[in-house]
Amino acid sequence: MIMSSFDYLKPSSLEEASKLLLENKNSRILAGGTDLLIRMRGGEVKPEKVIDIKNIAGLHEITWEDGRLVLGAAVTWTRIKEDAKIAEHFPALTQASAEFGCYDVRNRATIGGNIANAAPGSECGSPLLIYNADVIVYGPSGERSIPIDQVWLAPGRTNLAEGEFITKVSIPLYPASTKSAYRRISRVEGQDLATCAIAVMISNPEEIAAREVRIALSAVSKTPMRAAELESFLSGKAIDGETINFCKSWMHRNLYPRASSLRGTPEYKKIVLGNLLEDILREFGVLAGELI
Amino acid sequence: MKQAETGKKAWRNDAYSKVTGQAEYCDDLKVHGMAHAVPVYSSEVHAEIISIETEEARSFPGVLSVITAGDIPGEIRYGQIYKDYHMLADDRIRFNGDVIAIVVAQKREQAVAAAKLVRLNAKPLPPLLDPEEALKDGASLVHEDHIFEGKSCNITNHHKIRRGNVSAAFKECDFVIERKFNTQYIEHSYLEPESGLCIPRYDGVMEVMGSMQHPFSTRRFVAAILGAKLSDVEVRSVAVGGGFGGKDDTAALVCARAALAAKILNKPVKMTYDREWSFRESYKRHPYIIYYKMGIKNGKIHAAEVKIIADSGAYCSVTPWVTWRSTVQCCGPYEVEHVHCDTYGVYTNNVFTGAMRGFGSPQLNFAIEQLVDIAAEKLGISPVEFRKQNMLRQGSTTITGQVLDTHTVSLDQVFEETLKRMDYESKLAKCSRGRADENSDELYGTGLALSYRGMSLGAEGMDFNSAIINVQPDGSILLEAAIHENGQGAESAFILIAAGELGTSVDRIRYRQPSTSNIPDGGTTVASRGTIMGGGAVVTATRELKRKLAMALCCRLSCNPGDIRFFNDRIYGKTDDVFLTYEQAVHEMYLQQEIPYAFGVFKAPKVSWDEETGKGNAYFTWVYGCQAVELTVNRKTGKVKLLNMTAAHEVGRAINMPMILGQIYGGMAMGAGYGLMEEVKVKDGIIQNTNFNTYKIPRAADLPEMQAIVIENGDPLSPSGAKGIGEPANELMAPAIANAVYNATGIRYYSSPLKITVENENNNK
């Protein structure tokens with residue numbers, strides 16, 4: 001039961017939506033509603049206005065333009081999961097979509113909503129981070145683009161200004177030789193938040209000197225995070241058992257997951273993320289001795 | 001022995017309405033003028049109540065009443081064994097789920113909003129949360145007036161077994177294994193949370209409908225709170241969305257509080273619980289601390305010393321009964337010469353604990369079946385061989401001195417069938433034992449567990465049941481038994497049993513919606529006793545009806561009463577060309593002023609128990625089960641993947657095969673949850689996970705292929721031949737998983753759920 005009363009608004013343009021958002025301090029954007037409605041039911045948020053953006057043209061589109069994939073904010077996770085071209089270019093995103101919620105949640109939940117919800121373990125977090133996605137927002141001063149690593153501030157908090165809301169996610173394409181993957185651990189199969197997750201991308205996997213490694217981690221910090229230090233350590237060098245051990249030890253020294261998590265102890269998360277990283281690198285064939 | 005054909009078609013009297021969503025559960029019911037009641041909790045875990053301020057809540061729009069303990073006309077305190085439950089908190093808060101007031105409003109939304117305005121002034125007291133601390137002399141008292149064995153303490157009960165001489169026996173042993181086990185709180189996870197609808201009726205009776213497993217227990221709670229006689233309360237059954245043992249105390253309390261509101265306002269009141277309230281307030285499966293010492297001599301379990309501490313939480317509920325079963329079954333299905341067992345139930349300020357599917361056996365089996373594997377390994381023999389050397393067989397004597405000779409002891413059968421179906425021993429040889437293949441991170445393991453289980457209540461309490469069969473003028477038949485339909489298919493089983501006895505089609509028989517004002521109290525629907533006790537009463541009633549029909553119809557059928565036969569939906573004389581339809585038969589009965597009505601009672605055969613020595617024939621019959629599992633453990637992530645779960649259970653005679661299979665599959669699934677993922681997490685006395693987003697139960701995607709083998713050995717002491725399957729199916733998978741995880745990883749886990757650690761490689765400093 002939702003215990004607070006609210007007005008439901010369904011604007012048909014970006015301008016109108018932004019205006020409503022600006023005029024009503026206590027309002028919330030509704031896309032899929034899979035997070036918002038639960039929080040309203042729990043009484044954690046009590047918006048006076050709920051602004052549904054699903055009636056705005058363009059927010060449902062998946063387009064490929066100028067070397068970029070552009071996902072409308074209201075694109076559902078089911079559509080991402082079932083898109084063969086996304087799977088070809090952004091396998092980490094597709095793998096994340098397959099872990100996302102369950103059938104019925106994926107049918108409603110959107111990519112924009114998942115970003116806006118700003119959960120530390122959000123499914124979109126690590127994949128969008130390794131792909132250097134840009135989040136396009138619309139607000140009183142028009143459209144602007146925010147790099148994904150500047151979007152999240154803390155659990156539930158984003159960098160969006162008053163009257164702004166997410167309209168699109170834009171992701172640059174990478175050369176065909178680029179490899180990327182996403183792995184997550186959950187307590188049960190499906191419909192559970194990630195205990196922890198990792199996404200890894202390697203460009204130029206076959207040319208060691210030109211190799212660039214990107215690593216993002218979820219559910220170990222206040223927001224999904226890039227592991228910059230690990231990335232520069234791994235980039236441009238041959239990866240062997242010793243390098244892997246350094247990475248594992250880095251996880252132990254540098255990660256501070258909160259101890260109060262119901263899903264996994266800090267120790268477990270740190271060990272498992274190291275193991276998952278090793279797994280992915282082995283699968284990419286970049287562990288020394290296997291490829292070179 | 002017969003391995004039953006499992007491909008039979010399902011039959012249920014309620015299938016169509018439940019599949020199509022037409023079945024009405026309590027919260028679906030609406031009555032004109034009905035008000036809504038909700039509970040009010042406090043943030044306290046343990047506190048002395050100074051005052052409860054209700055003024056602000058009373059003035060909230062739509063609020064009809066705010067009720068506190070002072071408004072109760074009858075008894076404030078009630079309970080199944082001890083009257084220790086304060087139906088509304090009056091003196092103290094004893095756990096975080098204590099209800100301090102009820103808010104009643106025209107709309108549920110108004111009641112929920114107003115509930116937040118009730119204020120509690122209380123003096124917090126230090127909570128007592130550790131059951132071992134609570135056992136100590138000088139511990140603060142959860143119930144100051146509670147006396148056990150002559151002294152004020154937190155002990156709810158102490159059961160004992162004194163068999164042979166344990167201390168001498170341990171000295172004779174080749175080796176002794178000593179381990180401590182811990183098990184967790186489990187939520188029943190019934191689909192439908194608690195709900196009650198109470199209607200003050202024109203004839204002065206308080207009519208109650210609700211989601212419950214025992215209408216008569218609900219009636220006692222309602223009568224107590226109202227200060228009414230049992231005959232002043234009528235509890236009627238509606239469709240129930242599951243119980244798993246969890247729809248007794250709390251379900252009855254919800255109805256009692258709704259009845260209190262209905263009485264005060266003199267109007268119908270419904271009280272339906274949110275999932276969060278249900279998690280917070282309803283009783284759980286007991287967490288156990290088990291200290292176990294097992295001595296082995298010449299390949300036999302020679303001695304066992306067991307100390308069990310069960311956290312009863314703030315109230316006793318049925319802790320003495322739950323822990324009694326743990327005591328009787330504390331050595332598993334094995335012959336042990338020397339046994340010393342002490343089992344304590346103890347009050348704390350945690351959520352209270354009570355009946356849950358398994359009722360004291362899942363905790364013990366988790367310990368015993370691992371110890372048996374440990375012993376076998378120490379002996380250097382296979383766990384299969386070790387079990388064969390020790391297990392109960394026809395004519396064996398149990399640890400309470402009961403000789404198993406009145407029924408077929410089918411432990412070896414369920415064991416052999418499981419081994420055969422799984423090709424178990426060759427799989428056992430393939431287990432990884434901590435070493436994965438070069439190319440794989442998956443460690444393979446298989447494990448199994450065995451159990452025997454006393455049927456029905458045993459020496460726990462009075463055990464009898466009744467049934468009424470009433471043939472109507474058109475030949476249709478109304479049947480009822482004093483067992484409750486919780487969703488498990490009890491009504492369908494009784495119709496099938498009656499149809500079998502009477503030789504009629506199931507379509508002729510309709511199950512009468514039960515009411516406490518119609519049939520005598522037959523005890524609660526627990527202990528896997530529905531089919532054996534209710535079915536026994538149905539058989540007795542149908543036999544009595546057949547006797548009456550035979551006496552009245554023998555002249556018309558030109559034969560002796562003893563020649564009359566019931567089959568083919570008709571009543572036959574000596575030859576197949578002489579018969580009456582049921583319509584004709586009833587007409588004939590009425591002409592003779594005979595009523596085709598019968599009442600049947602089944603009383604459980606005699607059982608016995610000595611509280612001081614733990615000797616006796618604890619249960620009048622037993623069932624036997626074996627469950628096995630294959631799984632892999634990923635050594636890099638600790639994730640367990642179940643590959644196959646197989647069960648063999650002896651059920652007496654099978655009545656409704658697909659329902660038996662459903663119980664077995666569901667039982668294995670719940671057992672997997674017990675072993676691997678389910679846990680009510682309590683921090684400082686407050687439950688942290690109060691819905692299924694944080695309390696994880698196994699889902700279809702978590703479960704593997706399941707196979708069920710059903711063994712039929714009709715039981716001579718059960719009139720229908722049937723025994724039970726509800727709980728046996730739920731008491732074995734967790735230890736089977738623990739054994740399989742050991743065989744995969746080489747690591748033993750002594751706490752449930754298993755929290756698999758991952759390999760911490762040397763360089764991870």
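**Helix packing, domains and chain contact**

In this predicted model, helix H10 (residues 241–254) of chain A packs against helix H11 (residues 266–284) of chain A at an angle of about 150°, and their axes are 8 Å apart. Angles over 145 degrees count as roughly antiparallel. Therefore H10(A) is roughly antiparallel to H11(A). The crossing of H10(A) past H11(A) is right-handed. H10(A) contributes A:Ile244, A:Cys247, A:Lys248, A:Met251 and A:His252 to the contact. H11(A) contributes A:Lys270, A:Leu273, A:Gly274, A:Leu277 and A:Glu278. An α-helix has 3.6 residues a turn, so residues three or four places apart point the same way. By class, the contact of H10(A) with H11(A) has five nonpolar, two polar and three charged residues.

Now to chain B. Chain B is divided into domain 1 (27–125 + 194–272), domain 2 (288–458 + 611–745) and domain 3 (464–603). The C-alpha centres of domain 1 and domain 2 of chain B lie 37 Å apart. Their contact takes 17 residues from domain 1 of chain B and 19 residues from domain 2 of chain B. On the domain 1 side, six residues are nonpolar, seven polar and four charged.

Next comes helix H3 (residues 108–115) of chain B. Which residues of this helix are buried? They are B:Gln110, B:Ala111, B:Ala113, B:Ala114 and B:Ala115. Their cover includes strand S2 (35–40), helix H2 (55–58), strand S4 (63–67) and strand S8 (101–105) of chain B.

Last, the two chains meet. Chain B gives 22 residues to the contact and chain A gives 20 residues. The side of chain B that touches chain A has six nonpolar, seven polar and nine charged residues.

Key: Residues are numbered from 1 along each chain as its sequence is written. Chains are lettered from A and ligands numbered from 1 in the order in which they are written. This is a predicted model: local features need pLDDT of at least 70, side-chain atom pairs count only at pLDDT 80 or more; totals for chains, interfaces and linings use all residues. A residue is buried if 20 or more other C-beta atoms lie within 10 Å of its own, exposed if 12 or fewer, and partly exposed in between; C-beta atoms are placed from the backbone. Helices (H or I, at least four residues) and strands (E, at least two) are DSSP runs, numbered from the N terminus. Two residues are in contact if their C-beta atoms, placed from the backbone, lie within 7 Å. Ala, Val, Leu, Ile, Met, Phe, Trp, Tyr, Cys and Pro count as nonpolar, Asp, Glu, Lys and Arg as charged, and the others, Gly among them, as polar. Domain bounds come from an automatic or database domain assignment. Axes are lines fitted to C-alpha atoms, for helices over the stretch in contact, and angles run from 0 to 180 degrees between N-to-C directions. Angles under 35 degrees count as roughly parallel, over 145 as roughly antiparallel, 65 to 115 as roughly perpendicular and the rest as oblique. A crossing is left-handed if the near helix is turned anticlockwise from the far one by less than a right angle, and right-handed if clockwise.
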